[in-house]
Amino acid sequence: MPIRDPEELYGVVRVGGGGSMAVCLVLAGERAKDAVAMTNDAHPAAAAATWTCPMHPEIRRVGPGSCPICGMGLELEQPSLDDTPNPELVDFTRRLWIAGALAVPLLVVSMGAEMFGWRFFTAQTSAWVQLALTAPIVLWAGAPFFARGWTSLLTRRLNMFTLIAIGVGAAFAYSLAATLVPGIFPAGFRVHGGVPVYYEAAGVVVTLVLVGQVLELRARAATGKAIRALLDLAPKTAHLVTADGSEIVVPLADIRAGDRLRIKPGEAIPVDGVVLDGHSSIDESMLTGEPAPVEKSVHAALTGGTVNGTGSLVMEARAVGGDTMLARIVRMVADAQRSRAPIQAVADRVSGWFVPGVVLASVVTFIVWSLVGPEPRLGHALLNAITVLIIACPCALGLATPMSIMVATGRGARAGVLIKNAEALQAFAAIDTLLVDKTGTLTEGKPKLVATMPIHGFSEAAVLAAAAAVEARSEHPLAQAIVAAAKDRDLSLGAVADFGSQTGLGISGTVDGHAVVIGNAAQ
């Protein structure tokens, strides 16, 4: 079932290995109206510089930044072959390494005395040492979290960074004041005559949140590699045939509709177009899943990303750049990663109430502990209120659905499974029936001889040996399957005379005095 338009790809799963993929139609309710709801007008060339939020696709802006709704870093809307590391991932990884290097001695100094009796410094000196270790973590490594938390307050879009900024900021500010001006604190904050500090809470929380952010960014980067793998199906250059008939190698970006291109044996088709001259077989398994090559002659359609066989072709470019079938499929995968599943609406509604509810719970916690908690009441009240803010961060609530969609569509693209959007992905849970129209390609990645039917008194071995002897001179995939079958049966191949090849029809020759003709019905 050839796929000639991405609109046929809704709910289509291509399964298989070795370059062969079976096409299955997924029955999951009403068929989608359009698989790729996009046109050239919806995706102008300038859109390549547009950045969007993976959790909130409606946020679009020119240049990188943070989402005003959830605070996540924006990413390029359109896929690119650029394999440079995500600058946010590089930045956060650097912050994580430095924060981790400081958090370990911070824990030893702060918790070692309480848990193991390791007292390296006096209480006052210990507070200053902890301040020196915590300040870079909070003020530098955690700076992006405070910026995003402040944005969430300005836009009244409370999110996980709101809670992190409030909790970490309160713990650090309180400990800083306790270190610099301990005399301003009332007796309710004091224990053994001193004011306890909670630097380790602020420093460790920032470090752990950085771990989560780096893991998330790495997952997003991995899905981007799947898109780049699709883009890599098209060659980077093409052989342009000039007006005087000469050929020059030009970058793919310089190809324009109407240009004549030379496709040499074994090369990938650079763009969509039609054959002007020549004859060859084209491997279109990247589109159809069918391992058998398709014969192409004058006026036949060619698709960018498919692979030419042994013949040489001259083609006319008809669709280039973002108009090619491959580019449209790539955009479909990229848009699918940013699409929103119906269940996401539930998570959004819960998140909208969850963050204010956590802030209220933190206030109630402070009040209750300050009234009935153990001494020092105010100190314990503050610490527990901060704890509520931090441990209740709705990270998983907001990220679970988008991240699962991104990972699923990315992994699917690498395996040859193209999913239209998150709604289709969610519908897969209800699938109980598959209609498979390519049974032979479910398990085999290349043609294989399955039966030989001799007639007129010839034995099966004789027919196969004669056919394999002639096919040994051909590079056609079906010829290779016949030769492989003869070798598996240890058949000896006779000498071939008068070998001939008729393009698009078949081959012929003489083996041990017998004329052998192999080809299609037209032969």
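A nonpolar patch on the surface is formed by Leu360, Val363, Val364, Phe366, Ile367, Val368, Trp369, Leu371 and Val372, with about 810 Å² of accessible area together. Patches are made of residues with over 30% relative accessible area and no salt bridge, like charges being joined within 9 Å and nonpolar side chains (Val, Leu, Ile, Met, Phe, Trp, Tyr) within 5 Å. Accessible areas come from the Shrake-Rupley method with a 1.4 Å probe, and for residues only the protein chains shown count as cover. The model is predicted, so that local features need pLDDT of at least 70 and side-chain atom pairs count only at pLDDT 80 or more, whereas totals for chains, interfaces and linings use all residues. Residues are numbered from 1 along each chain as its sequence is written, and side-chain values use heavy atoms, with hydrogens and water left out.

Val372, a member of the patch, lies in helix H8 (residues 342-372); helices (H or I, at least four residues) and strands (E, at least two) are DSSP runs, numbered from the N terminus. Val372 is exposed, with a relative accessible area of 65%, where buried means under 20% relative accessible area, exposed over 50%, and partly exposed in between (1.4 Å probe, protein chains only).

Within H9, Gly379, Ala381, Leu382, Ala385, Ile386, Leu389 and Ile390 are buried. These residues cover an arc of only 165 degrees around the axis and therefore lie on the same side of H9, the arc being that of the directions from the helix axis to the C-beta atoms.

An open sheet of 3 strands, with antiparallel pairing, has the order S4-S3-S5; two strands pair if DSSP finds at least two bridges between them. Strand S4 (60-62) and strand S5 (75-76) stand at the edges with a single partner strand each, so one side of each is left without a neighbour in the sheet. Strand S3 (residues 50-52) runs antiparallel to S4 and is joined to S4 by 3 bridges, and Trp51 has Arg61 of S4 as its bridge partner.

The structure holds 7 salt bridges, each defined as a side-chain nitrogen of Lys or Arg within 4 Å of a carboxyl oxygen of Asp or Glu. One of them joins the side chains of Asp91 and Arg95 (2.9 Å, N to O), which are 4 residues apart in helix H1 (residues 87-116) and are therefore separated by about one helical turn. Asp91 is buried, with a relative accessible area of 18%, and Arg95 is buried as well, at 12%.

The side chains of Glu247 and Arg262 also meet in a salt bridge (3.0 Å, N to O). Glu247 lies in strand S7 (residues 247-251) and Arg262 in strand S8 (residues 260-263), so the pair ties together parts that are 15 residues apart in sequence. Glu247 is partly exposed, with a relative accessible area of 34%, and Arg262 is partly exposed at 25%.

A further salt bridge is found between the side chains of Glu284 and Lys296 (3.1 Å, N to O). This pair links distant parts of the chain, with Glu284 in the loop between strand S10 (280-283) and helix H6 (285-288) and Lys296 in strand S11 (residues 294-296), 12 residues apart. Glu284 is buried, with a relative accessible area of 3%, and Lys296 is buried at 5%. Salt bridges that share partners join Asp91, Arg94 and Arg95 into one network.
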